[in-house]
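Reader: I have a model open on my screen and would like to learn how to read it. Could you take me through a few features?

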Amino acid sequence: MLNIKNLQATIDNKHILRGLNLNIKPGEVHAIMGPNGSGKSTLANVLSGKNGYDIKGEIKYNGVSLSKLSTEERAQKGIFLAFQYPLEIPGVNTNTFLKTSLNSVRKAQGEKELDTLTFLKLIKEKASELGIDEKFLSRQLNVGFSGGEKKKNEILQMKLLQPKLSILDETDSGLDIDALRIVADGVNSYKSKENAFLIITHYQRLLDYIKPDYVHVLSNGRIIKTGDADLGVQLEKTGYSNIV
Amino acid sequence: MKTEDLKNNKEYKYGFTTDVENIRSPKGLSEETIRFISNIKKEPKWMLDWRLKAYNRLKVLKEPDWQKPKYPKIDYQDLYYYSAPKSASDKPKSLDEIDPKILETYKKLGIPLVEQKRLNGIAVDAVFDSVSVATTFKDELTKKGIIFCSISEAIQKHPDLVKKYLGSVIPISDHYFATLNSAVFTDGSFVYIPPNTKCPMELSTYFRINASETGQFERTLIIADKGSYVSYLEGCTAPMRDENQLHAANVELVALDDAEIKYSTVQNWYPGDEKGVGGIYNFVTKRGACRGKNSKISWTQVETGSAITWKYPSCILQGDNSVGEFYSIAITNNFQKADTGTKMIHLGKNTKSKIISKGISAGNADNMYRGLVEIKNKAINSRNYTQCDSLLMGNKCGAHTTPYIKNNNATSTIEHEATTTKINEEQLYYCNQRGLDQEEAVSLIVNGFCKEVLQQLPMEFAVEAQKLVAISLEGSVG
Ligand SMILES: Nc1ncnc2c1ncn2[C@@H]1O[C@H](COP(=O)(O)OP(=O)(O)OP(=O)(O)O)[C@@H](O)[C@H]1O
Ligand SMILES: [Mg+2]
């Protein structure tokens, strides 16, 4: 599904990704761990098509070079990024945003756009699965949401848009214990043979709930170690010092 | 303009002209022109005298030049001050009698009168060029004693009301453009709501500049008698053309004791092309008097069109406990310029005013909020709250805020907040990541920015206004 070869990314003269290789197949769960500033969010941004990066190397998504696709085209083709810091958009009703988003994606995929009633029914269902109070949906997008509420809202959007590749950037940070379980359940219930996940996290506790097939350690813009789920457990104990 | 030209000018959705033979006044501004207008409208002598008084006053007034957007000198002798569709000089009794071409024009504008009658319960006093050609729903209103007609008709049928209130809010000698309007105004709307009556529908007018070289001098007068309520909508679009056109309307509102007037505008006159050629000069005087105690006047405007927009819908808060509100969205793109805001003059005790202004600039445009809040010494315990937000798109546009504040008594408070922000790249990225393209994203964010104002509009207008906001900013980012 995703094939990254020798990826390099530079922004504002800062060389961040320095030859990164990664392959993800449908149905797989990959975890990326690594010290602060190692380039994890940068990788997520480069994959989802954020402007401003000078990029070398190759990223293929289902055989197509990503460099040819705009941010929204990538989203429409099933790449989803749960932001480390979800944005607030004042004045924009959460429901309006979600509906606009879903219909943009549906339209691009050649599906019928949903009318308001159908949409509301759907979103209510998805929200209740995540224990999100309906009241949030009529508030301004992320405005005044607590850190954890914002993160849950990201997972709600993931479940709504049904992406093929979901990149979660520290979605577990800032979640309380119950919310962590809800988010993890949300991810697990969305796991399937077709869907893949790239989960960026600092903590093993998320990986206790969502069992990764691979754990990668990113350091200084490169993947320096790859292992199975046990690598996460080991890192939790020893830290990065003896591998970095 | 030929069809061929129109095809090349597809950017402006409403850019078309209707080919209707015109009756025109003599060219230029003169006593003869004024007599011609008054005569063709069969006006009584007092009205002609009123116009001439204004004209004489005009001779000693100077065109103001303190505004930010400058414009080439207007040759007032090169304009026509009256032009009417011929088919309307014999007033039609029903829609069937209206020139099919005019009806077609409305259809292009999305105002099918027949449909509107049936569907949305709006009484439409449609102004085609300078003369009202169709008025609907009159019967229903008449039953309640509500008068909704053209100002020309009101001069004939309700002279006492017109004499009493015309010029009572905007005096004849107020300022250059207001005085010019008083001398040569052609038509507009008149509304009178009798005591303790709630107008059962939104009243609305669609304006349209049609004939080439015709200045538009609309005159609107709305009176809400004691304990009454009315919501009035004004919307306009104009056809494509190259010459600049002057639009100097006067709108006067009077609210008596416990009365409320809500006046909403969506202004979408032709803004000129991407290079700044052509477009309407929209120099409008709008003023409301909260004359009675507990009265309220609320202005809401969405200004997206015109080459230059220059207007300050104002409230004079005379009655004790009266309330004035001003909600504004001004969008300028390409080479458009706006200098707009409001004046809130507090005279009565416990008077309150609220100003919410959202200015959006894109391209090479310039957007100025200019406002006056004046609390006079007798207006004890009065309050004003002002919030001015500016949103910039790109690096070549400008936003300016110039609030004038005069508080003459210690028991009153004036609060002013202002922000200027650039459209946020991270927000755009977030929207794009959710599948929205650049234009959808901009539209969403900007509509969010304007929300407090948009939600003041009546439903049927809000949707149109949201679309307009998006259309006006197309191509401004990315
Ligand atoms: N626009 C930029 N200009 C200069 N440096 C940048 C820019 N964006 C990111 N960086 C730097 O690149 C490095 C990688 O940033 P990135 O956000 O990818 O780290 P991360 O691995 O996600 O860290 P964390 O675990 O703290 O979230 C950091 O040192 C950061 O300061
Ligand atoms: Mg990060």
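Author: Gladly! Helices (H or I, at least four residues) and strands (E, at least two) are DSSP runs, numbered from the N terminus. This is a predicted model, where local features need pLDDT of at least 70 and side-chain atom pairs count only at pLDDT 80 or more, while totals for chains, interfaces and linings use all residues. Residues are numbered from 1 along each chain as its sequence is written, chains are lettered from A and ligands numbered from 1 in the order in which they are written, and side-chain values use heavy atoms, with hydrogens and water left out.

Reader: Is S306(B) buried or exposed?

Author: Buried means under 20% relative accessible area, exposed over 50%, and partly exposed in between (1.4 Å probe, protein chains only). S306(B) has 1% relative accessibility, so it counts as buried.

Reader: Which residues does S306(B) touch?

Author: Contact means heavy atoms within 4.5 Å. Not counting residues up to four places away in sequence, S306(B) touches Q267(B), W269(B), Y270(B), P271(B), I280(B), N282(B) and Q336(B).

Reader: And how should I read a residue in a strand?

Author: Take A82(A), in strand β6 (residues 79-82) of chain A. Its relative accessible area is 0%, so A82(A) is buried. Beyond its neighbours within four places in sequence, A82(A) is in contact with E154(A), I167(A), L168(A), D169(A), T171(A) and R434(B). The C-alpha atoms of A82(A) and I167(A) are 6.1 Å apart, although 85 residues separate the two in sequence.

Reader: What does the side chain of S189(B) make a polar contact with?

Author: A polar contact is a pair of N or O atoms within 3.5 Å; within protein, one must be able to donate a hydrogen and the other to accept it, and residues adjacent in sequence count only if both atoms are side-chain atoms. The side chain of S189(B) makes one with the side chain of Y232(B), at 2.9 Å. S189(B) belongs to strand β6 (residues 189-193) of chain B and is buried, at 0% relative accessible area.

Reader: Now a helix, please. Which residues of α3(B) are buried?

Author: An α-helix has 3.6 residues a turn, so residues three or four places apart point the same way. In α3(B), the buried residues are M47(B), L48(B), W50(B), R51(B), L52(B), A54(B), Y55(B) and L58(B). Their cover includes α2 (31-40), α7 (151-157), α9 (176-184) and β8 (219-224) of chain B.

Reader: How many helices and strands does chain B have?

Author: Chain B has 13 helices and 24 strands. Of its 478 residues, 61% are buried. Among contacts in chain B with a separation of 6 or more, 83% join residues 24 or more positions apart.

Reader: Last, the ligand. Which residues are the closest to ligand 1?

Author: A residue is near a molecule if one of its heavy atoms lies within 4 Å of it. Ligand 1 is surrounded by 15 residues, the closest being G37(A), K40(A), S41(A), T42(A) and H202(A). An oxygen atom of ligand 1 lies 2.5 Å from a side-chain N or O atom of T42(A), and a polar side-chain atom of H202(A) is 2.9 Å from an oxygen atom of the ligand.

Reader: Which element supplies the largest share of the shell?

Author: That is α1(A), with three residues.
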